[in-house]
Amino acid sequence: FLEVDNDQLIAYIKAMPDGSDAVIVVVNLDPRSAQAGMLQVPPAWLGLAADGAYDVDDLLSGQRFRWGALNYV
């Protein structure tokens, strides 16, 4: 599991051993309200340098974001 600073959110990552084809999933456990938080994704888990940035496609909204180690969700 990944670290999220809101206990109403859980997150995990699934990727190939080299970090490619990664899917990051964030789940809201609150059935009544939208939740937000800061998500830590260690770039090394994606095969990137510690200060590495990467593009993320939001599969629900279709938006693209530039992420690093700490990200708003």
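Mentor: The turns below set values against definitions. This is a predicted model, in which local features need pLDDT of at least 70 and side-chain atom pairs count only at pLDDT 80 or more, while totals for chains, interfaces and linings use all residues. Residues are numbered from 1 along each chain as its sequence is written, and side-chain values use heavy atoms, with hydrogens and water left out.

Trainee: What pLDDT does the protein average?

Mentor: The average is 93, and 100% of the residues score at least 70. pLDDT is the predictor's confidence in each residue, from 0 to 100. Among the elements, β5 has the lowest mean, 93, and strand β4 (residues 38-40) the highest, 97.

Trainee: Why does Asn-71 count as buried?

Mentor: Buried means under 20% relative accessible area, exposed over 50%, and partly exposed in between (1.4 Å probe, protein chains only). Asn-71 has 3% relative accessibility, so it counts as buried. Asn-71 is in strand β7, a strand being a DSSP run of E with at least two residues, numbered from the N terminus. The Asn-71 side chain reaches the backbone oxygen of Gly-68 at 3.0 Å.

Trainee: Is Tyr-12 buried, exposed or partly exposed, and why?

Mentor: Tyr-12 counts as partly exposed because its relative accessibility is 37%. Tyr-12 lies in strand β2 (residues 9-14).

Trainee: Why is Ala-49 called partly exposed?

Mentor: Its relative accessible area is 48%, so Ala-49 is partly exposed. Ala-49 lies in the loop between β4 and β5.

Trainee: Which strands form the open sheet, and in what order?

Mentor: Three strands form it in the order β1-β4-β7, with antiparallel pairing. β1 (3-4) and β7 (70-72) are at the edges because each has a single partner strand, which leaves one side of each without a neighbour in the sheet.

Trainee: How do you know that β1 and β4 pair?

Mentor: Two strands pair if DSSP finds at least two bridges between them. β1 and β4 pair in the antiparallel sense over two bridges, and Glu-3 stands opposite Gln-40 in β4.

Trainee: How many bridges join β5 and β6?

Mentor: Strand β5 (residues 54-57) and strand β6 (residues 64-67) pair over four bridges, in the antiparallel sense. Asp-57 stands opposite Arg-64 in β6. The two strands form a hairpin with six residues between them, and Gly-62 in the turn has a positive phi of about 85 degrees.

Conventions
A polar contact is a pair of N or O atoms within 3.5 Å; within protein, one must be able to donate a hydrogen and the other to accept it, and residues adjacent in sequence count only if both atoms are side-chain atoms.
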